[in-house]
Amino acid sequence: MAKIGSLTRQRLFALLRLALTDSDYSRTLFDRMDDNHWQDIYNAALEQGVLAFAYDGIRALDVEQQPSLEIKIQWAYNVSYIEKLCAKQLSTAQKVVDTFAKEGIKTLILKGLSLATLYPQPNHRQSGDIDVYLMGDFERGNEIMASRGTEVKYDYFVHSEFAVDGVNVENHKFFVNPTVNRTGEYIERVLEQMVAQSKSHPAVKGALIPSAEFAALFLARHSSWHYAREGIKLRDICDWGVFLYHYRDSIECNIVMEHLDNSGLARYASILTTVAEQILGIKLPLEFADRYIELSERVLDDILSFENEEKHSKMNFLRAFMLKTRNRYARKWCYDKVVPDSYWGNIWYSIKGYLTNPRAIKKAKL
């Protein structure tokens with residue numbers, strides 16, 4: 001990925017502010033721009049998973065500051081594609097929820113399709129898989145899908161996978177990996193206690209979404225795990241910022257902070273919060289004793305520049321192994337300074353995983 005220039009970065013952040021928080025930005029940022037400048041922003045937004053949000057920001061600009069019709073048509077076409085994908089996911093999620101409901105199983109929807117409900121334009125939040133938790137009926141849910149002729153895969157012990165209408169569904173047995181270290185074990189135990197506080201999903205009839213406190217801990221752990229191993233995107237920062245901003249008056253911050261401290265996630269969550277506040281121009285409700293300003297800048301630079309070569313799946317075993325090895329070494333500073341996981345502990349965990357499932361080394365999935 002090409003390096004995102006300072007001015008392109010500022011302009012993209014301004015568009016995200018316009019779209020998601022309506023906070024202040026410098027209007028002069030968009031003076032005297034040409035199509036090349038807008039193409040730079042387009043490319044950065046596409047790479048970072050925030051293309052539709054940036055388009056919402058463009059539509060909020062004064063007409064004379066907006067890009068040319070050609071650029072806007074290109075942008076609108078791809079945003080329309082994102083909207084169609086979201087509609088497909090929602091209809092598929094409804095089908096999954098209805099299928100399990102007929103068998104007396106309640107479905108909790110995690111991650112993308114729950115977070116999307118918090119955005120001004122829910123269908124502009126790009127999602128990948130549909131993540132569900134069947135409130136303790138993991139095995140029975142898999143049996144139900146298998147009985148309908150659907151192939152159920154068990155490549156990863158945290159969840160199974162199956163496809164419904166061409167959309168991949170992850171059926172979670174665990175919320176996070178509880179075996180890799182104390183942080184995962186602690187967060188999993190707390191989430192299992194909090195899951196009973198789930199509430200109705202506003203867009204999928206009969207489905208549930210997590211409570212604010214559950215979502216905060218789940219997001220922090222899920223994000224920290226992926227950040228160190230393979231990097232995250234601006235979309236993940238927007239998720240954290242929009243989520244906390246949405247629940248700013250209702251989330252039990254003392255409960256969240258207690259568990260962040262006890263699990264070792266406080267430093268990462270503090271950095272994530274600082275970065276989100278910088279990008280979105282808002283004040284978030286979690287108060288941290290340490291804010292790690294310089295480290296937060298390094299993390300933001302890393303998010304905007306890190307290229308994860310593992311995501312390219314068409315490669316042989318040796319090439320995949322070499323890329324994973326180089327990638328892990330390049331991410332060592334993240335383990336040393338940012339996340340609560342052990343670098344060597346994760347190396348050993350990966351080796352054990354590849355020994356028991358050699359095919360996993362070629363799986364390339366962000």
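## A tour of helix pairs and two side chains

Start by selecting R182, T183, Y186, I187, V190 and M194 in helix 7, which meet I255, H259, N262 and S263 in helix 10; contact here means heavy atoms within 4.5 Å. Sorted by class, this contact has five nonpolar, four polar and one charged residues. Ala, Val, Leu, Ile, Met, Phe, Trp, Tyr, Cys and Pro count as nonpolar, Asp, Glu, Lys and Arg as charged, and the others, Gly among them, as polar.

A word on what is on your screen: this is a predicted model, in which local features need pLDDT of at least 70 and side-chain atom pairs count only at pLDDT 80 or more, while totals for chains, interfaces and linings use all residues. Residues are numbered from 1 along each chain as its sequence is written, and side-chain values use heavy atoms, with hydrogens and water left out.

Now show all of helix 7 (residues 182–194) and helix 10 (residues 253–263): they pack at an angle of about 150°, with axes 9 Å apart. Helix 7 and helix 10 are therefore roughly antiparallel (over 145 degrees).

Next, select helix 12, residues 293–305. Its 13 residues reach 19 Å from first C-alpha to last, close to the 18 Å expected at 1.5 Å a residue. Colour L295, S296, V299, L300, D302, I303 and L304, which are buried (under 20% relative accessible area, 1.4 Å probe, protein chains only). What covers these buried residues? Bring up helix 1 (6–20), helix 8 (212–230), helix 9 (234–246), helix 11 (266–280) and helix 14 (332–337), which are included in the cover.

Stay with helix 11, which packs against helix 12 at about 70°, with the axes 9 Å apart. These two helices are therefore roughly perpendicular (65 to 115 degrees). Zoom in on I271, T274, V275, Q278 and I279 of helix 11, which meet I293, L295, S296, E297, V299 and L300 of helix 12. That contact has seven nonpolar, three polar and one charged residues.

Move on to K88 in helix 4 (residues 69–101). Leaving aside residues up to four places away in sequence, K88 touches D165 and V167. Its side chain reaches the backbone oxygen of D165 at 3.2 Å. If you draw a C-alpha to C-alpha distance from K88 to K173, expect 25 Å, across 85 residues in sequence.

Finish at E161, in strand 4 (residues 159–164). Is E161 buried or exposed? E161 counts as buried because its relative accessibility is 14%.

How values were computed: Helix = DSSP H or I, 4+ residues; strand = E, 2+ residues; numbered from the N terminus. Expected span 1.5 Å × (residues − 1). Buried < 20%, exposed > 50% of the residue type's maximum accessible area, 1.4 Å probe, protein only. Axes fitted to C-alpha atoms, helices over the stretch in contact; angles between N-to-C directions. Parallel < 35°, antiparallel > 145°, perpendicular 65-115°, else oblique. Polar contact = N/O pair within 3.5 Å; in protein donor to acceptor, adjacent residues only side chain to side chain.
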